Amino acid sequence: MKESLKEKRIRFVLIGFFVFLVICGFLYRFEMRETRDNDYSPLALVLKKSADMNDNPNIVLYEYKNSKHILAAYEIERMNRYKFNTLHVIELEEAAEQISPDRTAGGVWVKANRKWTYYSQSLHEEDRPPEKRITDSSSGTPYSFDVKKAILTINNNHSIVLEKGEKPTGLLPLSYDGSVWLVITERNIKIAAIDTK
């Protein structure tokens, strides 16, 4: 049976429509996955500041990577182009909402699902009285940010240039003299070295 011109057109329109639906489905799925990954901003806490070039700072960092909630402790080598050496890594069951230092121990408190949990320096979960947590953990440094120029300014004195489109969410000093900083953005972290002399 020979197909008429009208039937041929209807067949091509239907094929085109279903191909279009499949492409839209893939794009929607990809965008949803990207949105979920970007919902979790990194969180950081400086456990030990650097006293000089030979003294490396230590930080704890929460990130959402490869669909996993990761809490990791790092040492940052100042003499080796600020290389991150992983000290300890654990996977959290839920997203970290906030992290806070401890009053006396060198560990970190992590708030997930409105509940605080203490992790030692080696990131082992431990029982610890809640009053040991520093409740005002706003240990970040005040800064101003020029969105158009993507320049972060510290104390109206020193500037850090970010990439266009990046927006800082926190700034932490990695050294006592204010020459090395940890810049936390919505999706990333960066190390910035400033000449303070």
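Strand 4 (83–92), strand 6 (108–112) and strand 7 (115–119) each contribute at least two residues to the lining of the second largest pocket in this predicted model. The volume of this pocket comes to about 240 Å³. Its lining includes Glu-91, Leu-92, Glu-93 and Glu-94, together with Val-110, Lys-111, Ala-112 and Asn-113; Lys-115, Thr-117, Tyr-119 and Glu-125 complete the list. Sorted by class, six of the lining residues are charged, four are nonpolar and two are polar.

Leu-123 has a positive phi of about 60° although it is not a glycine, and its place is the loop between strand 7 and strand 8 (125–126). With a relative accessibility of 3%, Leu-123 counts as buried, because the cut-off for buried is under 20%. Ala-150, likewise not a glycine, has a positive phi of about 55°. The loop that holds Ala-150 runs between strand 9 (143–146) and strand 10 (151–154), and at 1% relative accessibility Ala-150 is buried.

Turning to charged pairs, a search of the whole structure finds five salt bridges. In one of them, Asp-102 pairs with Arg-128, with the closest N and O atoms 2.8 Å apart. This pair links distant parts of the chain, 26 residues apart: Asp-102 sits in the loop between strand 5 (98–101) and strand 6, and Arg-128 in the loop between strand 8 and strand 9. Asp-102 is buried at 6% relative accessibility, whereas Arg-128 is partly exposed at 24%.

Another salt bridge joins Lys-190 and Glu-163, whose closest N and O atoms are 3.9 Å apart. Lys-190 belongs to strand 14 (residues 189–193) and Glu-163 to the loop between strand 11 (158–161) and strand 12 (168–173), so the pair ties together parts that are 27 residues apart in sequence. Lys-190 is partly exposed, at 23% relative accessible area, while Glu-163 counts as exposed at 53%. Glu-163 and Lys-190 are also linked with Glu-166 in a network of salt bridges.

The side chains of Lys-65 and Glu-63 form a salt bridge as well, at 3.8 Å from N to O. Here Lys-65 is partly exposed, with 43% relative accessibility, and Glu-63 is buried, with 16%.

Finally, the surface carries a nonpolar patch of about 610 Å², made by Ile-10, Leu-14, Phe-17, Phe-18, Phe-20 and Leu-21. Phe-20 is placed in helix 1 (residues 5–38) and counts as exposed, with a relative accessibility of 51%.

Conventions
Residues are numbered from 1 along each chain as its sequence is written. This is a predicted model: local features need pLDDT of at least 70, side-chain atom pairs count only at pLDDT 80 or more; totals for chains, interfaces and linings use all residues. Side-chain values use heavy atoms; hydrogens and water are left out. Patches are made of residues with over 30% relative accessible area and no salt bridge: like charges are joined within 9 Å, nonpolar side chains (Val, Leu, Ile, Met, Phe, Trp, Tyr) within 5 Å. Accessible areas come from the Shrake-Rupley method with a 1.4 Å probe; for residues, only the protein chains shown count as cover. A salt bridge is a side-chain nitrogen of Lys or Arg within 4 Å of a carboxyl oxygen of Asp or Glu. Helices (H or I, at least four residues) and strands (E, at least two) are DSSP runs, numbered from the N terminus. Buried means under 20% relative accessible area, exposed over 50%, partly exposed in between (1.4 Å probe, protein chains only). On a 1 Å grid over the protein atoms alone, a cavity is a set of points where a 1.4 Å probe fits but cannot get out, and a pocket is an open set with protein on both sides within 12 Å along at least five of seven lines; lining residues have an atom within 4 Å of a point. Grid points are joined across faces, edges and corners, and a volume is the space filled by probe spheres set on the points. Ala, Val, Leu, Ile, Met, Phe, Trp, Tyr, Cys and Pro count as nonpolar, Asp, Glu, Lys and Arg as charged, and the others, Gly among them, as polar.
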